Amino acid sequence: YKYLEEYTGISVSDISMSDPKVYSLFTSTEALGVTSEDIDSNTGTYCIPEFGTAFVRGMLVDCKPKNFADLLQISGLSHGTDVWLNNAQDLVRQGICTLKDAICTRDDIMLYLIHMGVEAGHSFKIMESVRKGKGLTDEQEALMRENKVPDWYITSCKKIKYMFPKAHAAAYVTNAFRIAWFKVHIPLAYYAAYFSIRAKAFDAQYMIFGKEKVKNKMKEIEMKNQKKEATKAELDMYDDLEIVLEMYERGFEFLPIDLYESDATKFKIDDNKL
């Protein structure tokens, strides 16, 4: 936030949480002005906190979030253990439940059980047992069945090892959305801040001389990775190359390092370039 505010003069607290272009990033690349083929991604969430990894981008493709509540659910799923894989993912893909109905955060369990008629105290204890990975006792399962809780829900509870609280998910999504706003509306400030703070393996010799050089380096690392020969440093570089390629595809460029103009610790914006 500090860097983004410094580059733009805009306080993150002033950013609207209802911007449709920002929401579209979670299901499309259109707001970035690129195609999914250009950047090899069906979403525009590269390097958005919580939503930039290949794992979470896959969740976005499956779940197709439309609003803040959907993003909350996905944040809960991505931070839980045995909540998405071999659990909610299968249920959503098979049409057994929707993202809205899936168990995503620990709070979902208590509120759903109360809605189904389970007494509040029992609902809380069941939530606590499930979110700690202790599953259900025979008595708890019987109580859920008495209140017509469906089989898929009970089975889902039994698989869970850890669950994220909804309040934490809300904080994470709010943070991600505000940062994503800059990616859509003030992209050079966004990329400057990202590369200054988060880039693990930025290497100018591969990254500042145009997208073809970037693509060639990415292919080289991909081939190494297929043979299990890529190093940790190369895989980190690949993550940064994805962001660099996206920036190029959006029409932005780098200027070379300049002894008299470059900053020692952060990227600068000059003549609509970094």
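Helices are DSSP runs of H or I with at least four residues, numbered from the N terminus. With that in hand, I looked up serine 196 and found it in helix α12, which covers residues 187-197. I note that the model I am reading is predicted.

**Entry 1: serine 196**

Is serine 196 buried or exposed? I looked up its relative accessibility, which is 17%. Buried means under 20%, so serine 196 counts as buried. I then listed its contacts, leaving aside neighbours within four places in sequence. They are Tyr3, Tyr7, Thr265, Lys266 and Phe267.

**Entry 2: phenylalanine 195**

Next I turned to the largest nonpolar core, which has 81 residues. Which of them touch the most other members? I found Phe195 in that group, with Phe51, Ile109, Met144, Phe254 and Leu274. The helix that gives the most to this core is α11, residues 166-185, with nine residues.

**Entry 3: helices α14 and α15**

Two packed helices are described by the angle between their axes and the distance between the axes. I looked up both values for α14 (residues 211-226) and α15 (residues 232-249). The angle is about 150 degrees and the axes are 9 Å apart. α14 passes α15 in a left-handed crossing.

On the α14 side, I listed Lys211, Val214, Lys215, Lys217, Met218, Ile221, Glu222, Lys224 and Asn225 as making the contact. On the α15 side, the residues are Glu234, Leu235, Met237, Tyr238, Leu241, Glu242, Val244, Leu245, Tyr248 and Glu249. I sorted the residues of this contact into ten nonpolar, one polar and eight charged.

**Entry 4: helices α4 and α6**

How far apart are the axes of α4 (residues 54-63) and α6 (residues 84-93)? I found 10 Å, with a packing angle of about 25 degrees. Angles under 35 degrees count as roughly parallel, so α4 and α6 are roughly parallel to each other. Their crossing is left-handed.

From α4, I noted Phe55, Met59, Asp62 and Cys63 in the contact. They meet Trp84, Leu85, Gln89, Val92 and Arg93 in α6. The residues of this contact divide into six nonpolar, one polar and two charged.

Notes
Residues numbered from 1 in each chain as written. Predicted model: local features only at pLDDT ≥ 70, side-chain atom pairs only at ≥ 80, totals over all residues. Heavy atoms only, no water. Axes fitted to C-alpha atoms, helices over the stretch in contact; angles between N-to-C directions. Helix = DSSP H or I, 4+ residues; strand = E, 2+ residues; numbered from the N terminus. Left-handed = near helix turned anticlockwise from the far one by under 90°. Contact = heavy atoms within 4.5 Å. Nonpolar A, V, L, I, M, F, W, Y, C, P; charged D, E, K, R; others polar. Core = buried A, V, L, I, M, F, W, Y, C linked by side-chain atoms within 4.5 Å. Buried < 20%, exposed > 50% of the residue type's maximum accessible area, 1.4 Å probe, protein only. Parallel < 35°, antiparallel > 145°, perpendicular 65-115°, else oblique.
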